[in-house]
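Let's take a walk through a protein model together.

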Amino acid sequence: MQQRVNLPDHARPLEKRRIAVALQGGGSHGAFTWGVLDRLLAEPSLEIVGISGTSAGAMNAGVLADGLRRGGAPQAQLALHQYWEDVGRLPGYGTLWPLAPQRTWHLDHNPIYLWADMLTRVWSPYQMNCSNYNPVRELLQRIEFEGLRDDACAPRIFICATNVRTGLRRVFHNAELSADVLLASACLPQMSKAVQIGDDFYWDGGYTGNPALAPLYLGTNATDLIVVGINPMERATVPQTARGIIDRIDEISFNSTFMLELGAIAFVEHLIKSVGVKAAPRLLNVHGIGDEALGSFGASSKMNNDWGFLQHLQGIGWRAAEHWLAENLSEVGNRSTIDLTGLLPQKDGSLSVPVVMKQKQLPRTNAEARSA
């Protein structure tokens with residue numbers, strides 16, 4: 001008769017907590033998400049089993065899922081680094097016109113950026129980019145889409161895009177993944193032609209889901225949902241310049257569907273807890289990682305792919321995740337660390353709390369303080 005052997009705590013296999021991550025879009029600010037993911041992947045107690053992404057978040061999602069499928073967390077970390085390093089090698093506004101010596105990172109005074117931005121208000125990409133060239137397409141060739149489509153053990157991935165003709169959200173699952181799907185999710189209509197998939201045409205998914213949250217509830221076995229937010233939800237002042245007004249409109253537009261979906265989740269949770277619904281749907285613990293520093297760079301910095309800026313953002317993201325883990329890792333699998341009750345509609349339908357995720361800006365290193 002075999003005797004049971006009690007292993008010491010350090011020798012027992014670590015029971016991983018299954019998490020899903022929701023990755024917002026935001027151009028170059030997606031490098032912040034890279035930093036957050038890099039730190040989460042280094043945490044041995046966590047396992048990413050589901051990923052929802054939109055726009056830049058879709059790119060991160062595809063690279064992350066492919067890396068996890070090929071070689072686990074270490075391969076995913078390497079893949080994300082290589083992808084963003086290659087993004088930093090692409091010709092950009094900073095290479096066409098040197099960035100300001102103060103390293104403010106925004107492009108508000110970059111004449112090439114201002115000229116290109118003006119052209120998008122006069123001519124469409126169907127007139128300016130007849131060949132429909134997109135340098136990001138080449139960067140996506142590294143992803144083994146066939147493996148993500150066919151491997152049942154691959155992380156579940158959900159990519160959001162907006163149907164141009166119907167205005168409805170389309171969420172693409174593993175079985176449908178391709179480079180076109182990722183490019184559709186990141187297709188800004190002023191800069192790129194609508195991406196055709198099947199008989200339909202798609203624009204950026206941020207208009208209808210930034211990112212989509214429901215699939216992570218319905219299509220994964222995660223216990224917790226971590227939202228990586230990179231779009232400012234609140235501004236301290238009212239914009240008064242034409243550029244500032246346009247930028248704030250974009251922020252509100254790209255956050256509105258996300259806020260509404262979070263509000264719907266809060267409403268369902270409230271009903272389940274207050275009424276005691278039988279056969280209630282599975283609820284996830286909701287968490288958020290963000291940093292106020294992203295709002296200080298200016299919206300035009302989302303178009304800045306300077307490698308130094310991308311590394312700067314990665315560092316901010318890594319430290320934001322490190323700070324969050326130090327305070328909240330013990331809550332993963334137990335309870336939410338974001339209070340969604342402020343998103344419950346009042347009697348007149350208004351929402352009382354404008355900010356869902358607001359993390360204090362972390363102290364910067366001396367090197368970052370000098371470059372800011």
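**A pair of side chains, then the whole chain**

Start at E251: neighbours within four places in sequence aside, E251 is in contact with P232 and R235. You'll find E251 in helix α10, which covers residues 242–275. Is E251 buried or exposed? Its relative accessibility is 5%, so E251 counts as buried.

Before going further, remember that this is a predicted model. The average pLDDT of the chain is 86, and 85% of the residues score at least 70.

Now zoom out. The chain has 13 helices and 8 strands, and 49% of its 372 residues are buried. Take the contacts between residues at least 6 apart in sequence: 77% of them join residues at least 24 apart.

Helix α12, residues 307–328, has 22 residues and reaches 31 Å from its first C-alpha to its last, close to the 32 Å expected. At the start of α12, a side-chain oxygen of D306 comes to within 2.9 Å of the backbone nitrogen of G308.

Helix α2, residues 56–89, is another story. If its 34 residues formed a straight helix, they would span 50 Å, but the end C-alpha atoms of α2 are only 17 Å apart. Where does α2 bend? Look at G71: the helix bends there by about 135 degrees, and a proline, P74, follows within four residues.

One last stop is L139, in helix α6, which runs over residues 135–139. Leaving aside neighbours within four places in sequence, L139 is in contact with Y83, D86, V87 and L90. Take D86 from that list: D86 and L139 are 53 residues apart in sequence, but 7.4 Å apart in space, C-alpha to C-alpha. And why does L139 count as buried? Because its relative accessible area is 9%, and buried means under 20%.

Conventions:
Residues are numbered from 1 along each chain as its sequence is written. This is a predicted model: local features need pLDDT of at least 70, side-chain atom pairs count only at pLDDT 80 or more; totals for chains, interfaces and linings use all residues. Side-chain values use heavy atoms; hydrogens and water are left out. Helices (H or I, at least four residues) and strands (E, at least two) are DSSP runs, numbered from the N terminus. Buried means under 20% relative accessible area, exposed over 50%, partly exposed in between (1.4 Å probe, protein chains only). Contact means heavy atoms within 4.5 Å. The expected span of a helix is 1.5 Å times one less than its number of residues. The bend at a residue is the angle between axes fitted to the seven residues ending there and the seven starting there. A polar contact is a pair of N or O atoms within 3.5 Å; within protein, one must be able to donate a hydrogen and the other to accept it, and residues adjacent in sequence count only if both atoms are side-chain atoms. pLDDT is the predictor's confidence in each residue, from 0 to 100.
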